[in-house]
Amino acid sequence: MPEVTMAGALNAALRDSLADDPKVLVYGEDVGRAGGIFGVTAGLQTEFGSERVFDVPISEAGFVGAAIGLAMRGYRPVVELQFDGFAYPALEQVLSHVAKYRNRTRGVCDMPIVLRMPAFGGLGGKEHHGESPETIYASTPGLKVVVPSSALDAYRLLRLAIDDPDPVVVLEPKARYRSSESGELTVAGAGIGRARELRAGADVAIATYGAMTQRALEAADRLAERGIQAHVLDLRSLAPLDVDAIAHAVTTTGRLVVVHEAPRSMGVGAEVAALAMEHAWNDLKAPVERVTGHDTPYPPGTLEARWLPSVDRICAAVGRTLA
Amino acid sequence: MRNVHEPEASTPLRLVAPDGTRAGDVDVGLPEADLHALFRWMVIARRLDIECVALAHEGELITYPGFEGQEAAQVGAAYALDTDDIVFPTFRELAMALVRGVDPVAYLRYHRGTWHGAPYDPIVSGFAPICVPTGTQLPHAVGWALGAKLDGVDAVALGCIGDGATSEGDFHEAANLAGVWNAPLVIFCQNNRWAITTPLEEQTAGEIWARAEGYGFPGVRVDGNDVLAVHHVTTAAIRRARSGGGPTLIEAMTYRIGPHSTNDDAGRYRDPREVERARELDPIARYRTFLLNERIADEGFVIACEREAELVAGQVREAIVATPAPSTDELFASVYGDPPATFEAHRSQVLGETGDA
C-alpha cells in the first residue's frame with residue numbers, strides 16, 4: 001500500500017473532486033500559484049486551470065461571501081482560509097449567511113460550501129496561528145464541522161464534505177499535515193456524523209479529535225502497561241456529534257475522559273459530557289473528566305507544551321476516573 | 001461613463017428637472033410602453049408603501065422600513081434588468097421587488113415575521129433574500145456575478161446598498177473583488193442621506209461614486225429622483241457588464257423622506273425643513289408632469305395607474321393580514337439539505353413536546 005501524508009491525501013481529495021464534478025471550485029489566498037501554505041492545493045491550478053483553482057485578494061469576508069453567490073448558481077466552492085486565526089473576518093458571512101442561507105430561502109438555495117482551514121496548535125507557531133475555533137462553528141445551526149485525525153480519514157472527510165449539500169467547516173489539524181498513513185484513498189467508511197473507534201478497551205473511554213487522537217493513543221499504550229484498557233474514540237465529526245458512539249463508549253466502560261486543545265470552558269468536552277449524562281447516566285461510574293487547553297489565549301511557542309493536553313495529563317485524568 | 005477628474009463629474013446626471021421640464025437629452029430610446037411602465041410601478045410602489053406603514057402601525061407587520069422618495073431610484077434601476085439577471089437587495093427594496101415580479105404578499109411575510117430572508121423564490125424571481133446586516137449582500141452579488149461569468153452567460157447582478165453600507169468592510173471587499181474578477185456587477189447605491197440617525201456628513205468625508213476609481217472601474221452619480229436618468233445610467237452599466245466590461249458603481253442621489261422604519265421617529269434627530277425641501281424633489285410628481293408635458297401620457301393613464309395601485313394595496317392588505325404563523329415543523333424544515341440523525345431526533349422531540357408532530 002502506498003503511503004500518503006495528510007496534506008497529500010487532502011490534495012488528492014481536492015483533485016478527485018475537481019475531476020469528478022465540473023462545478024467544484026477551489027480558491028483562497030495563495031492556493032493557486034503557490035499551492036497553499038501547507039501544499040494542500042499543490043499542482044491543482046496547473047491541472048485544472050485558473051478558472052477553477054484560483055488565488056484571491058486578502059479579503060476573507062469578501063471571498064467567503066462570494067461563495068454564497070457561486071452556490072446560488074450551482075457551484076460547489078471549496079474555500080481555503082489560510083489559518084484558523086485569519087478566518088475571523090469572515091465570521092459574519094459564515095454565521096449570518098453561509099449557515100443560514102438555506103433556511104432563509106426555505107430550502108430553495110442549498111449551500112454546498114466547504115470552508116477548509118489549518119487549525120489548532122502544536123507547531124509552536126506565532127500568535128493567531130494556533131486557534132481552536134471549533135465551538136464557534138459547531139454551535140451554529142446549519143453548519144457541519146469535521147476534524148480529520150489521519151491521512152486516509154482526511155481524504156474521506158474532505159470528499160464527503162464537498163459532496164454534502166450543506167456547508168461544512170473542515171478543521172485540518174496542521175500539526176498532522178505531515179503525518180502519513182498507508183492504505184487506499186476511498187470515501188467508503190464512516191460518514192459525517194460518525195465517530196471512529198481507534199482502540200477497544202473496557203475500563204475507560206477517551207473521546208477526542210484532531211491531533212489529540214495521537215496523544216490519546218499514546219496514553220492508552222501507557223495505561224495498558226498498567227493494566228488499564230482504554231477505549232479511544234476519534235469523534236472526527238463535531239457537528240453533528242455521534243451520540244450513539246459516545247453512549248456506547250460510556251455504556252461499555254462506565255468512565256469518560258474528553259480531550260481537546262480548545263479552552264475548557266464552553267468547549268466540545270462540555271457537550272460530550274452532557275450527552276454522556278443524557279444517554280448513559282446509569283452506566284457512569286465516575287464524573288466525566290476534561291483534559292483541555294487552558295482558559296487563556298493560545299500561548300507563545302515556548303509555553304505550548306504546558307498548554308496543550310499532554311499524555312501525562314490524560315493519564316492523570318484517567319486515574320481520577322478510576323480512583 | 002464620466003471620469004472622476006472631470007470637474008462636472010460630481011454633478012448628478014439628470015434628464016428631467018424637478019419641475020418636470022427637460023434637463024438633458026430625454027430621448028433615451030425607450031418605447032412608450034416602458035415610459036408608461038416606469039410611472040405605473042412608481043405609483044403602485046408608493047401606494048403599497050403607504051399601506052405597509054399603516055399595516056405596521058396596526059401591528060399587522062412587525063416593523064417596516066419605508067422607501068418614500070426612493071421610488072424612482074428603485075424602479076428605474078430594477079426596470080433596466082432582464083429576466084436572467086438578479087437583484088441582491090437591502091431591506092428597503094420593495095419597489096424593486098415589485099418590478100422583478102416578486103409577489104408583494106410573499107415579500108411582506110418577511111416583515112410580518114412569518115419567515116426570514118426570502119419568503120419568495122429568490123432564484124425564479126431573480127431577487128435574492130432581503131438582507132438586514134448592512135452591506136453583507138454585496139459579496140454574494142459578486143460571487144453570483146463571477147458564477148455567471150464562469151457559466152459563459154451574459155447575466156448581470158445588481159447589488160444594492162445605501163450610503164451607510166459604504167462604510168462597511170464588506171462594501172470595500174466586494175468592490176475590490178468585483179474589480180479583480182471583472183465581474184458582471186452593478187453596485188447600486190441609493191444615497192438617501194440618512195443611516196438611521198446618522199447623516200451622510202458623519203458617514204463619510206468622501207464622495208461615494210468616486211470610490212469606484214480606486215477599485216479600477218467607473219463610478220457615476222445620478223439624480224436618484226429622476227427615474228429616466230436612473231434607468232438610463234443603469235442600462236448603460238448593465239450593458240457594459242453584459243459585454244464583459246466589468247463592474248460599475250452607481251450613486252443615486254435621493255432622500256429618505258420617512259423614518260428609518262416604523263419603529264423610528266425621525267423628528268427626534270432631523271430638521272423637518274430638510275424633509276420639506278426633499279419633498280419638493282418628489283420623483284413621482286416630477287415624472288408625471290414630464291409625461292403630461294411631453295404628451296407621452298394623459299390624465300386618464302395617471303388615474304388608471306392610481307386606481308390599479310389602490311386595488312393592489314387593498315388586495316395585499318387582505319392577503320397579508322390573513323397570513324398565519326407557520327407551523328412549528330417549519331423551524332426544522334429547511335435548516336439542512338441532508339439533516340443529521342441527531343437533528344431529526346431533536347426535531348421529533350420538540351414536535352412531540354409541542355404537540356405539533
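A contact is defined here by heavy atoms within 4.5 Å. In chain A, 81% of the contacts between residues at least 6 apart in sequence join residues at least 24 apart; in chain B, the corresponding share is 73%. The model is predicted, with local features requiring pLDDT of at least 70 and side-chain atom pairs counting only at pLDDT 80 or more, while totals for chains, interfaces and linings use all residues. Residues are numbered from 1 along each chain as its sequence is written, chains are lettered from A in the order in which they are written, and side-chain values use heavy atoms, with hydrogens and water left out.

Chain A contains 12 helices and 14 strands, where helices (H or I, at least four residues) and strands (E, at least two) are DSSP runs numbered from the N terminus. The radius of gyration of chain A is 19 Å, close to the 20 Å given by the globule rule for 323 residues, so chain A is as compact as a globular protein of that length. This radius is taken over C-alpha atoms, and the rule is 2.2 Å times the number of residues to the power 0.38. The C-alpha atoms of chain A fill a box of roughly 60 × 40 × 40 Å along the principal axes. Of its 323 residues, 60% are buried, meaning under 20% relative accessible area (1.4 Å probe, protein chains only).

Strand 7 of chain A (residues 168–173) has 6 of its 6 residues buried and is therefore largely enclosed by the rest of the structure. Both faces are covered, with A:V168, A:V170 and A:E172 on one side and A:V169, A:L171 and A:P173 on the other. Strand 7 runs parallel to strand 5 (residues 114–119), to which 6 bridges join it; A:R116 has A:V170 as its bridge partner. Strand 6 (residues 144–146) is also parallel to strand 7, through 3 bridges, and A:K144 is partnered with A:V168. Pairing of two strands requires at least two bridges found by DSSP.

Chain B comprises 15 helices and 7 strands. Its radius of gyration is 21 Å, close to the 21 Å that the globule rule gives for 357 residues, so chain B is as compact as a globular protein of that length. The C-alpha trace of chain B spans about 65 × 45 × 40 Å along its principal axes, and buried residues make up 56% of the 357 residues.

Note on methods. Buried < 20%, exposed > 50% of the residue type's maximum accessible area, 1.4 Å probe, protein only.
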